[in-house]
Amino acid sequence: MAEVIVAGAGPTGLMLACELRLTGVDVLVLERLAARSGESRAGGLHARSVELLDQRGIVDRFLAAGGTGPFAHFSFLPLDIGDLPTRHPYALAIHQSRVERLLEERAVELGVRLRRSAEVTGLRQDRTGVEVRVVGAAGTEWLRADYLVGCDGGRSAVRKLSGIGFHGSPATLTALLGDVRLADPPPGLVFGAEGRRDRGSFMVFPAEQPGVHRVITMEFDTVADRDAPVTVETLRQACRTIADTDFGMHSPQWISSFTDAARQADRYREGRVLLAGDAAHIHFPSSGQGMNLGIQDAANLGWKLAAVVRGQAPADLLDTYQAERHPAAERMLASTRAQTALWRPGAQTDALREVFGTLIGFEDVNRHLGGACTQLDIRYPLGDGHPALGRRLPDLDLTAPTGRTRAFELLHAARPVLLDLTGLPDLRAAIEGWTDRVDLVEARCDAEHWVYPVIGEVPAPAAVLLRPDGHVAWVAPASRPIASALRAALTAWFGPARDR
Ligand SMILES: Cc1cc2nc3c(=O)[nH]c(=O)nc-3n(C[C@H](O)[C@H](O)[C@H](O)COP(=O)(O)OP(=O)(O)OC[C@H]3O[C@@H](n4cnc5c(N)ncnc54)[C@H](O)[C@@H]3O)c2cc1C
């Protein structure tokens with residue numbers, strides 16, 4: 001028994017478990033593998049994901065485990081993100097295995113129950129809960145929970161068992177990834193456009209383990225059987241075809257294949273079953289987005305599911321998860337398709353890359369693509385009012401009664417915050433009935449404008465209602481009375497008022 005079962009202990013499942021547990025939900029994570037694989041598909045986190053970790057007070061652990069640089073790219077055409085308005089205007093190069101280790105440590109600290117060698121193989125749901133069939137070392141058993149979230153990767157059993165369609169564009173290429181030793185490595189690293197050739201592309205750069213190289217190949221217009229075994233000989237052969245050498249490859253640590261198939265779940269929720277991360281969307285890893293999308297899905301879903309499980313909010317709050325996160329992934333699928341098109345071999349693509357390279361040199365284009373790549377530009381569809389509505393709150397410097405602080409520090413406990421920046425007289429009375437769930441913080445901020453990526457300066461609001469994921473759910477209107485508008489927003493996001 002658990003309040004929420006999470007299938008899969010990848011980055012998405014672990015982040016979600018942390019988010020749920022922070023608000024006191026009893027979470028059980030079921031993971032098929034007996035131990036963490038140690039394999040690192042992803043190599044980094046973008047600014048919005050780093051901000052989310054900062055919002056929870058755990059970013060230092062991640063910064064200590066990686067390196068930062070003000071770089072991003074669009075199909076390996078460099079973007080300058082160094083002056084984006086965030087405290088984290090960089091990419092954090094950190095192996096996925098380290099992200100998983102750190103998130104797992106955090107989950108255990110918070111009291112998440114994690115069961116390994118536990119594969120989800122069946123489910124059935126009724127009006128009050130979900131039953132999950134688990135196959136593990138001890139045999140087969142059925143476990144019950146209020147909700148189940150499938151964070152079980154691109155081939156998600158939870159998605160298939162729920163009958164949720166997974167549609168999009170098929171594979172047009174075969175990519176191989178191997179962490180191998182090289183007797184005859186290239187003189188420097190081969191990363192990005194340097195490895196584009198007539199018959200595909202290759203990359204060679206240091207892997208996590210000293211002395212080991214990561215070799216990645218891409219061959220267009222050939223789609224290998226995804227279930228066929230991939231061996232070091234397969235990778236050797238691909239290197240010979242594309243780069244005319246196999247670099248004296250030997251001693252593989254792990255080898256895997258992936259494609260540019262781009263698919264998305266038709267719906268993210270079926271009753272009491274939800275999907276997040278790769279279970280909900282897959283795409284080519286152009287500009288390294290998948291792990292970031294999953295972590296951000298988890299931050300969006302966690303507090304909503306917690307509020308529903310606690311009985312504080314109605315179940316249809318969960319529909320806002322799909323309304324907000326489906327378009328975010330849809331946009332990323334389109335972006336990765338465009339980047340893949342710009343990566344194909346051939347003179348026409350070379351010419352297109354020249355044109356794009358010139359365009360990216362224009363500040364507005366660089367800013368637009370940088371905002372999308374870092375996912376700092378996301379605006380959830382909460383209405384057309386103040387431009388901050390639906391966007392993330394910038395990490396403002398604040399002076400609160402307790403002293404100087406930052407906006408993100410107010411979000412460490414994953415509780416909603418009504419942030420009063422101008423001493424509005426009606427707020428304290430208006431929030432009566434929600435003080436068990438929402439914190440009122442009165443603070444001063446010197447900034448007359450807030451600065452957002454892409455759109456630039458917006459007038460600083462007098463007060464905002466912040467969701468636990470850091471997005472602005474309500475902005476105090478310029479004219480009074482404001483109490484009824486605030487109460488409507490509090491009810492919509494955090495459930496009806498309670499008598500005290
Ligand atoms: C070459 C490559 C490079 C990439 N680079 C980047 C990058 O730089 N940045 C980035 O953001 N993303 C990158 N990605 C994408 C990233 O690796 C994925 O998007 C990310 O792993 C998704 O996380 P997840 O937790 O949703 O799924 P997964 O990481 O797939 O985790 C799913 C977990 O569920 C478990 N599981 C599966 N089935 C079951 C079951 N039935 N029951 C219980 N457990 C189950 C699995 O064992 C696994 O632990 C890259 C991908 C590739 C292939």
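Predicted model: local features only at pLDDT ≥ 70, side-chain atom pairs only at ≥ 80, totals over all residues.
We may start with the ligand, which is surrounded by 30 residues. The closest of these are Thr 12, Glu 31, Asp 278, Met 291 and Asn 292. By residue class, the shell divides into twelve nonpolar, twelve polar and six charged residues. Three elements each supply at least two residues of this shell, namely helix H1 (11-22), strand E9 (118-125) and helix H7 (290-309). An N or O atom in the side chain of Arg 41 is placed 2.9 Å from an oxygen atom of the ligand. At Met 291, a polar backbone atom lies 2.7 Å from an oxygen atom of the ligand. A nitrogen atom of the ligand is 3.5 Å from a backbone N or O atom of Gly 44. Taken alone, the ligand exposes 1000 Å², and the protein buries 89% of that area.

Turning to the aromatic side chains, a search of the whole structure gives nine aromatic pairs. One of them joins Phe 74 and Phe 356 in a stacked arrangement, with 6.0 Å centre to centre and 5° between the planes. Phe 74 belongs to strand E5 (residues 71-74) and Phe 356 to helix H9 (residues 347-360), so this pair ties together parts that are 282 residues apart in sequence. The two partners fall into separate accessibility classes: Phe 74 counts as buried at 9% relative accessibility, whereas Phe 356 is partly exposed, with a relative accessible area of 27%. The cut-off behind these labels is 20%, and a residue under that value is called buried.

A tilted pair is formed by Phe 76 and Trp 343, because their ring centres are 5.0 Å apart and their planes stand at 45°.

The charged end of Arg 124 sits over the ring of Trp 142, at 3.8 Å from the ring centre. Arg 391 lies over the face of Tyr 452, and here the distance to the ring centre is 5.8 Å.

Most residues other than glycine have a negative phi. Ser 75, however, has a positive phi of about 50°. This serine is found in the loop between E5 and E6, and it counts as buried at 3% relative accessibility. Ser 287 likewise has a positive phi, of about 55°. Its place is the loop between strand E21 (281-282) and H7, and at 9% relative accessibility Ser 287 is buried.

Pro 453 is located in the loop between strand E26 (449-452) and strand E27 (456-459). With 2% relative accessibility, Pro 453 counts as buried. The C-alpha atoms of Pro 453 and Pro 85 are separated by 5.9 Å, although the two prolines are 368 residues apart along the chain. Arg 392 itself is in the loop between helix H10 (363-374) and strand E22 (397-400). The relative accessible area of Arg 392 is 2%, so this arginine is buried. Its side chain makes a further polar contact, at 2.6 Å, with the side chain of Glu 51.

Note on methods. Residues numbered from 1 in each chain as written. Heavy atoms only, no water. Near = heavy atom within 4 Å. Polar contact = N/O pair within 3.5 Å; in protein donor to acceptor, adjacent residues only side chain to side chain. Areas by Shrake-Rupley, 256 points an atom, 1.4 Å probe, with all protein chains shown as cover. Helix = DSSP H or I, 4+ residues; strand = E, 2+ residues; numbered from the N terminus. Nonpolar A, V, L, I, M, F, W, Y, C, P; charged D, E, K, R; others polar. Phe/Tyr/Trp six-rings, centres within 6.5 Å; stacked < 30°, edge-to-face > 60°. Buried < 20%, exposed > 50% of the residue type's maximum accessible area, 1.4 Å probe, protein only. Lys NZ or Arg CZ within 6 Å of the ring centre and 35° of its normal.
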